[in-house]
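Student: I would like to learn how to read the features of a model like this one, step by step. Please give me the general idea each time, and then the case in hand.

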Amino acid sequence: MRTVEYTRHGEAAQVLTLREEARRPTPGSGEVLVRMLVRPIHPGDLIGVEGLPGQPEQQSGARTPGVEGMGVVKSVGADVRTLRPGRRVAVFPAPGTWSDFVVIPADLAVPVPDGVSDETAALMLVNPLTLRMLYRAMKKALHGQTGLVLQTAAGSSIGRLVSAAAVRHGLQLINLVRSTSGAEKMRTLYPSQLTIATCDDDWREQVRRHVGERGVQVVLDCVGGSMTQDLAELLADGGTLISYGHLSSGTTSLEALPLIARELTVRGVSILHWMSRAPRKRAEDVAFAQDLAQNTPDLLDVAASYDLADFKAAIEHARRPAKSGTVLLTTPRTADSGHGAA
Ligand SMILES: NC(=O)c1ccc[n+]([C@@H]2O[C@H](COP(=O)([O-])OP(=O)(O)OC[C@H]3O[C@@H](n4cnc5c(N)ncnc54)[C@H](OP(=O)(O)O)[C@@H]3O)[C@@H](O)[C@H]2O)c1
């Protein structure tokens with residue numbers, strides 16, 4: 001069994017290593033052993049490896065990146081009645097999916113609907129569940145009114161899910177991307193939405209011309225850094241900045257934002273809090289993700305696939321500007337890996 005691991009924070013290509021061992025973990029009561037076949041490289045996985053500035057090392061010992069992916073149930077522990085060996089499952093939250101095997105509680109292994117490919121299944125949970133969390137936060141911030149929403153990094157995998165949801169729900173969305181070519185791509189995909197490239201010197205004026213006196217009610221931001229101040233200035237009084245990522249390397253101090261004078265709200269959203277939702281609510285979210293994978297798999301776009309052992313090349317690809325979709329790490333199927341997509 002192969003496992004990618006690191007023992008200290010640092011540049012991913014330098015601190016990650018591949019370990020091979022003969023031993024496989026065994027599932028305890030209520031758990032399943034999953035032979036992993038495909039797992040994504042999410043920006044958050046790399047932040048986990050590299051740490052954030054000023055963040056102390058969280059624990060000693062070896063850690064394995066990855067929180068989601070898909071595979072086949074290899075064996076089940078005592079008291080597991082819902083899953084049998086051979087079942088294709090998507091897993092989340094499953095710390096350590098950048099390994100050939102993981103052990104997780106059986107109720108966190110979600111059956112993959114028939115007809116959904118392994119690649120789509122590997123992307124079925126984190127981003128669609130994040131979309132649900134962002135959408136709820138956005139609705140709350142809109143207070144039941146129709147208002148303008150602006151999102152950054154709109155060409156990202158999550159950004160395109162938000163754009164598709166906006167079309168479905170008739171939400172007025174403005175997309176920001178950082179390049180002219182990215183803007184052209186978004187305009188082709190979502191012609192009804194205004195897309196503006198922040199490489200244009202006058203991008204702020206372009207937004208202001210469109211929103212006029214109203215201002216923007218909600219900003220969904222995963223870029224952060226120095227752009228935060230510009231985003232806050234585009235908000236209407238009483239508006240909300242929802243922060244859910246930090247793709248840029250800079251920072252903005254809270255004091256630099258007109259929070260008090262303009263009664264702005266800043267709130268965070270993190271998929272890591274999804275488990276605190278009531279089980280019934282989580283089941284609704286999972287059903288949404290399964291439906292999305294089955295009916296709109298093109299929204300879970302794949303940039304490229306690499307063997308798990310080629311994780312360094314895969315990480316380099318995941319960081320390439322202008323890529324479209326998510327980079328996957330794969331484990332070859334063996335005779336006992338169950339059946340492919342039905
Ligand atoms: N809070 C949560 O629970 C949660 C969950 C999932 C994801 N996220 C966050 O959501 C964000 C998007 O994730 P993803 O998986 O959708 O990403 P992705 O598919 O890998 O796409 C990354 C996108 O970010 C853009 N980008 C990269 N660096 C940028 C910068 N400095 N300024 C502006 N744009 C930049 C890229 O633009 P180009 O096309 O121009 O290269 C690309 O469109 C990440 O910040 C991630 O951490 C948060």
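Student: Which residues of α4 meet which residues of α5?

Tutor: A contact here means heavy atoms within 4.5 Å, and the helices (H or I, at least four residues) and strands (E, at least two) are DSSP runs, numbered from the N terminus. On the α4 side we find N127, P128, T130, L131, L134 and Y135, and these meet S157, I158, L161, V162, A165 and H169 of α5. Please keep in mind that this is a predicted model, in which local features need pLDDT of at least 70 and side-chain atom pairs count only at pLDDT 80 or more, whereas totals for chains, interfaces and linings use all residues. Residues are numbered from 1 along each chain as its sequence is written, and side-chain values use heavy atoms, with hydrogens and water left out.

Student: At what angle do α4 and α5 pack?

Tutor: Axes are lines fitted to C-alpha atoms, for helices over the stretch in contact, and the angle between N-to-C directions runs from 0 to 180 degrees. Helix α4 (residues 126-142) and helix α5 (residues 157-169) have axes 10 Å apart and pack at an angle of about 55 degrees, which makes α4 oblique to α5. Under 35 degrees would count as roughly parallel, over 145 as roughly antiparallel, 65 to 115 as roughly perpendicular, and the rest as oblique. The crossing of α4 and α5 is right-handed, a word used when the near helix is turned clockwise from the far one by less than a right angle, anticlockwise being left-handed.

Student: How many residues of helix α8 are buried?

Tutor: Helix α8 (residues 227-234) is mostly covered, with 6 of its 8 residues buried, namely M227, T228, D230, L231, A232 and L234. The elements that cover these buried residues include β8 (148-151), β9 (172-177), α7, β11 (216-221), β12 (235-243) and α9 (259-262).

Student: What does the side chain of Q206 make polar contacts with?

Tutor: A polar contact is a pair of N or O atoms within 3.5 Å; within protein, one must be able to donate a hydrogen and the other to accept it, and residues adjacent in sequence count only if both atoms are side-chain atoms. Q206, in helix α7 (residues 203-211), makes such a contact of 2.9 Å with the side chain of D202, and another, of 3.1 Å, with the side chain of D200.

Student: Which backbone nitrogen lies 2.8 Å from a polar atom of the side chain of D45?

Tutor: That nitrogen belongs to H42. D45 itself sits in helix α2 (residues 43-50) and is buried, at 8% relative accessibility. Residues up to four places away in sequence not counted, D45 touches P40, G66, V67 and W98.

Student: How many salt bridges does the structure hold?

Tutor: Side chains of opposite charge can pair when their charged atoms come close. Counting a side-chain nitrogen of Lys or Arg within 4 Å of a carboxyl oxygen of Asp or Glu, the structure holds 20 salt bridges. One of them joins R19 and E5, whose closest N and O atoms are 2.9 Å apart; R19 lies in strand β2 (residues 17-20) and E5 in strand β1 (residues 2-5), so the pair ties together parts 14 residues apart in sequence. R19 is partly exposed, with a relative accessible area of 33%, whereas E5 is buried, at 13%. E5 and R19 are also linked with E21 and R23 in a network of salt bridges.

Student: Where do R319 and E11, another such pair, lie in the chain?

Tutor: In the salt bridge between R319 and E11 the closest N and O atoms are 3.5 Å apart. R319 lies in the loop between α11 (311-318) and β15 (326-330), and E11 in the loop between β1 and α1 (12-15), so this pair ties together parts that are 308 residues apart in sequence. R319 counts as partly exposed at 37% relative accessibility, and E11 counts as partly exposed at 37%.

Student: How many residues apart are R208 and E205 in helix α7?

Tutor: An α-helix has 3.6 residues a turn, so residues three or four places apart point the same way. R208 and E205 are 3 residues apart, about one turn of helix α7, and their side chains meet in a salt bridge of 3.8 Å, N to O. At 38% relative accessibility R208 is partly exposed, and E205 is partly exposed with a relative accessible area of 38%.

Definitions and conventions
Buried < 20%, exposed > 50% of the residue type's maximum accessible area, 1.4 Å probe, protein only.
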